[in-house]
Amino acid sequence: MSIPANLKYTKDHEWVSIDGDVATVGITHFAQKELGDIVYVEVETLDQTLSKDEVFGTVEAVKTVSDLFLPLTGEIIAFNDDLESAPETVNSDPYGAGWMIKIKIADASEIDTLLSDATYKQLIGA
């Protein structure tokens, strides 16, 4: 199972890539595998500022609908529009083209609360 070492993770199975004061967020390979075939990604929080752990959207799979939790406090500045017509990209490329949102980070100290790849591997038993 792919768990890139250059990313940060949450206990809720989101991954985070940090570039300056912008974080790109998606769901992990483990999460998409557990969900199954993803058929819809909904994010209605674009341009809103939310707190860490607030729900920023949902992902709908054949089996279930799951909330998506914001890993860091900040403003949601971008949504991956490609997911509207091709939500299955989250299954095929969760760490690349399947990214979901970009956040302008409000509190950089929260980055320290994210999990390392090693800690995330322990969490999922990989």
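User: What is V41 in contact with, apart from its neighbours within four places in sequence?

Analyst: V41 is in contact with T58, V59, F79, L83, P87, V90 and M100, contact meaning heavy atoms within 4.5 Å. Keep in mind that this is a predicted model, where local features need pLDDT of at least 70, side-chain atom pairs count only at pLDDT 80 or more, and totals for chains, interfaces and linings use all residues. Residues are numbered from 1 along each chain as its sequence is written, and side-chain values use heavy atoms, with hydrogens and water left out.

User: How many residues are in the largest nonpolar core, and which have the most contacts inside it?

Analyst: The largest nonpolar core has 26 residues, and V41 is one of those with the most contacts inside it, along with I27, F56, M100 and I101. A nonpolar core here is a set of buried Ala, Val, Leu, Ile, Met, Phe, Trp, Tyr and Cys residues joined through side-chain atoms within 4.5 Å. Buried means under 20% relative accessible area, exposed over 50%, and partly exposed in between (1.4 Å probe, protein chains only).

User: Which elements each supply at least two residues of this core?

Analyst: β3, α1 (29-35), β4 (38-42), β6 (55-61), β8 (74-79) and β9 (101-105) do. Helices (H or I, at least four residues) and strands (E, at least two) are DSSP runs, numbered from the N terminus. There is also a second, separate core of nine residues, with I3, L7, Y120 and I124 among them.

User: Switching to threonines. Where does T24 lie, and is it buried or exposed?

Analyst: T24 is in strand β3, residues 22-27. T24 counts as buried because its relative accessibility is 12%.

User: What is around T24?

Analyst: Apart from neighbours within four places in sequence, T24 is in contact with W15, V16, S17, W99, I101 and K102. With K102 there is a polar contact, side chain to side chain, at 3.0 Å. A polar contact is a pair of N or O atoms within 3.5 Å; within protein, one must be able to donate a hydrogen and the other to accept it, and residues adjacent in sequence count only if both atoms are side-chain atoms.

User: How far is T24 from E42?

Analyst: They are 18 residues apart in sequence and 16 Å apart in space, C-alpha to C-alpha.

User: And T10, where is that?

Analyst: T10 sits in the loop between β1 (8-9) and β2 (14-19). At 9% relative accessibility, T10 counts as buried. Beyond four places in sequence, T10 is in contact with P71, L114, L115, Y120 and L123. Y120 is also in the second core.

User: Which element holds T89, and what does T89 contact?

Analyst: T89 is in helix α3, residues 89-92. T89 has a relative accessibility of 16%, so it counts as buried. Leaving aside neighbours within four places in sequence, T89 is in contact with L83, P94, A97 and G98.

User: Now the sheet. What is the order of its strands?

Analyst: The order is β1-β2-β3-β9-β8-β5, an open sheet of six strands with antiparallel pairing. Two strands pair if DSSP finds at least two bridges between them.

User: Which strands stand at the edges?

Analyst: β1 and β5 (49-50) do; each has a single partner strand, so one side of each is left without a neighbour in the sheet. β1 is joined to β2 by two bridges, with K8 partnered by V16.

User: What about β2 and β3: how many bridges join them?

Analyst: Six, and the two strands run antiparallel. I18 stands opposite A23 in β3. The hairpin of β2 and β3 has two residues between the strands, and G20 in the turn has a positive phi of about 70°. The hairpin of β1 and β2 has four residues between the strands, with H13 at a positive phi near 75°.

User: Last topic, the whole chain. How many helices and strands are there?

Analyst: There are four helices and nine strands. From the N terminus on, they run β-β-β-α-β-β-β-β-β-α-α-β-α. Of the 126 residues, 46% count as buried.
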